[in-house]
Amino acid sequence: MIVGNWKMYKTIEEAKAFVQRVAPLITESQGRIMLAVPFTAIQQVAKLVADEKLSIAIGAQNMHNAEEGAFTGEIAGRMLKEAGARFVIIGHSERRHLFHEDESCIHKKVQRAFQDGLQPILCIGETSDERKAGKRDEVLTRQLVTALKDISEESMASLILAYEPVWAIGTGDVATPEDAQEVHAFCRALLKKLYSAKIANALNILYGGSVKPDNAAALLAEPDIDGLLVGGASLLPESFSQIVNTGVS
Ligand code: PGA
């Protein structure tokens, strides 16, 4: 599973040009390819992907936790779904830190995504200071337990988890495969306790933070790394397709 997170990059035309350029570069794959595009591009890119019969799922990078309401400038899950989004990233560290989303808000968004029929990609990760203070596991546990409160086993079957250490996002400072593997195994063990071995083993846990074509293979080789969440390297068809093709080879 390779997910591109475009952040606030690409107009509709740029997004469509990307899809047209990336399609012939991707090797026929069993893996799942997903692109979290800007809101404005969802509808047209989803239509393009459907028309061209490409197996790329289109999704969003954020949504509000209410069904609808007087929330100027916000967007509801059902609007995203209608536009063609199949999934939504929730709790990305840029939302947590730059837009002050707290853990209870993220929990409500996870619940709302399920209610609106969108597959949530829940992001968790510690900051550099938290890691240095020896609080990595404590922070990840709190983030996971809070976000997943009252989420049913049935819903958990379609949730995707992404471990994105904040110090690795956009910095070029990728986690080592061993380090990421240790955290993924920790999260899976915690989910075994919270749910069951069946749920925990079936859950897709992605790694994100400075993933590039030259480090993707080593990360994907780890047993508990089920896929990658790619920011900067998902913006160019060449680097994104290289990562996707690594994932299936
Ligand atoms: P990056 O971003 O790959 O540019 O580090 C990852 C992310 O923010 O999801």
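Start at Ser210: a backbone N or O atom of this residue lies 2.7 Å from an oxygen atom of the ligand. I call that a polar contact, meaning a pair of N or O atoms within 3.5 Å. Gly170 also uses a backbone N or O atom, 2.6 Å from an oxygen atom of the ligand. With His92 a polar side-chain atom lies 2.6 Å from a ligand oxygen. The protein covers 97% of the 280 Å² of accessible area that the ligand has on its own, by the Shrake-Rupley method with a 1.4 Å probe.

This is a predicted model: local features need pLDDT of at least 70, side-chain atom pairs count only at pLDDT 80 or more, and totals for chains, interfaces and linings use all residues. Residues are numbered from 1 along each chain as its sequence is written, and side-chain values use heavy atoms, with hydrogens and water left out.

Around the ligand there are 13 residues, each with a heavy atom within 4 Å of it. Lys7, His92, Glu164, Gly170 and Ser210 come nearest. The shell divides into four nonpolar, seven polar and two charged residues, with Gly counted as polar.

Now the largest pocket. Its space is about 460 Å³, taken as the volume filled by probe spheres set on the grid points. A pocket here is an open set of points on a 1 Å grid over the protein atoms alone, where a 1.4 Å probe fits, with protein on both sides within 12 Å along at least five of seven lines; lining residues have an atom within 4 Å of a point. The lining has 18 residues, and Lys7, Met8, Gln61, Asn62 and Arg95 lie nearest the centre.

Notes
Polar contact = N/O pair within 3.5 Å; in protein donor to acceptor, adjacent residues only side chain to side chain.
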